[in-house]
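Let's take a friendly walk through this protein together. Please have the sequence and the 3D view at hand as you read.

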Amino acid sequence: MTPPVDPRAFVLANTRVHRVPHAPEIRLHLADEAVALWQKTEDDLGAIGLPPPFWAFAWAGGQALARYLLDNPGTVAGRSVHDFATGSGLAAIAAMLAGATSVTACDIDRFALAAASLNMELNGVDFALSGEDPLDLPPPRAEVILTGDVFYEKPMATRVLAWADRALAAGSRVLVGDPGRAYLPRGRLECLATYDVPVNRSLEDFEIKRSSVFELHTPSLA
């Protein structure tokens with residue numbers, strides 16, 4: 001039997017502290033190369049077919065969200081925030097630095113929660129972490145919901161959009177950070193800002209990825 005792996009120890013052993021390229025105010029524990037870390041994750045856990053280590057990289061949509069919140073703190077200042085599929089915790093950290101009264105960062109990957117916790121400490125902020133899948137639950141009672149880089153495959157996009165619609169109906173504002181992935185609900189989005197974001201070449205097809213921050217609206221308001 002493969003011995004259990006401590007997520008915090010694994011994150012610390014396989015990442016280095018970097019400033020986020022498009023939000024250098026924030027530092028994260030990040031990996032240098034995707035495939036090698038993915039392989040090591042499977043080797044150490046004794047499993048194959050594991051999801052990619054999303055937590056180990058500053059993805060384009062997350063960087064765009066972070067930059068937007070830091071430049072437009074009134075978006076979250078004095079408000080409660082829910083960061084869906086937080087990964088490294090980048091957007092949650094940006095929300096706290098921008099003055100959010102509270103942030104809950106959720107992710108079903110225990111390594112992501114460990115990385116987000118370490119990154120939270122690294123940046124001197126504090127927010128709640130949840131390992132529950134929010135898509136199976138009623139929408140959170142948050143004034144602002146952040147969703148970065150989540151529209152990359154159809155089943156996920158369909159579930160996220162249905163959940164986000166319930167959140168909109170409950171009065172939340174839903175912001176989307178995305179570089180234009182395949183299942184982005186373009187007809188439902190209002191573009192708030194667009195950036196040229198430096199990204200890890202092992203993740204994307206370009207070193208600079210044009211990425212936007214959108215606000216999701218209900219179909220009648222799109």
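A residue counts as buried under 20% relative accessible area, as exposed over 50%, and as partly exposed in between. Keep in mind that this is a predicted model. The protein has six helices and nine strands. Among contacts between residues at least 6 apart in sequence, 67% join residues at least 24 apart.

Start with helix 1, residues 7-14, where P7, F10, V11 and N14 are the buried residues. These residues cover an arc of only 100° around the axis, which puts them on the same side of helix 1.

Now turn to charged pairs. Side chains of opposite charge can pair when their charged atoms come close. The structure holds nine salt bridges. One of them joins D133 to R159, with 3.5 Å between the closest N and O atoms. D133 sits in the loop between strand 5 (128-130) and strand 6 (144-148), and R159 in helix 6 (residues 154-169), so the pair ties together parts 26 residues apart in sequence. D133 has 22% relative accessibility and therefore counts as partly exposed, and R159, at 37%, is also partly exposed.

R159 also meets D136 in a salt bridge, at 2.9 Å from N to O. D136 lies in the loop between strand 5 and strand 6, so this pair ties together parts that are 23 residues apart. D136 is exposed, with a relative accessible area of 58%.

Elsewhere, R173 and E215 form a salt bridge at 3.0 Å, N to O. This pair links strand 7 (residues 173-178) with strand 9 (residues 208-216), 42 residues apart. R173 is partly exposed at 28% relative accessibility, whereas E215, at 14%, is buried. Finally, look for E25, R67 and D71, which are linked in a network of salt bridges.

Conventions: Residues are numbered from 1 along each chain as its sequence is written. This is a predicted model: local features need pLDDT of at least 70, side-chain atom pairs count only at pLDDT 80 or more; totals for chains, interfaces and linings use all residues. Side-chain values use heavy atoms; hydrogens and water are left out. Buried means under 20% relative accessible area, exposed over 50%, partly exposed in between (1.4 Å probe, protein chains only). Helices (H or I, at least four residues) and strands (E, at least two) are DSSP runs, numbered from the N terminus. The arc is that of the directions from the helix axis to the C-beta atoms. Contact means heavy atoms within 4.5 Å. A salt bridge is a side-chain nitrogen of Lys or Arg within 4 Å of a carboxyl oxygen of Asp or Glu.
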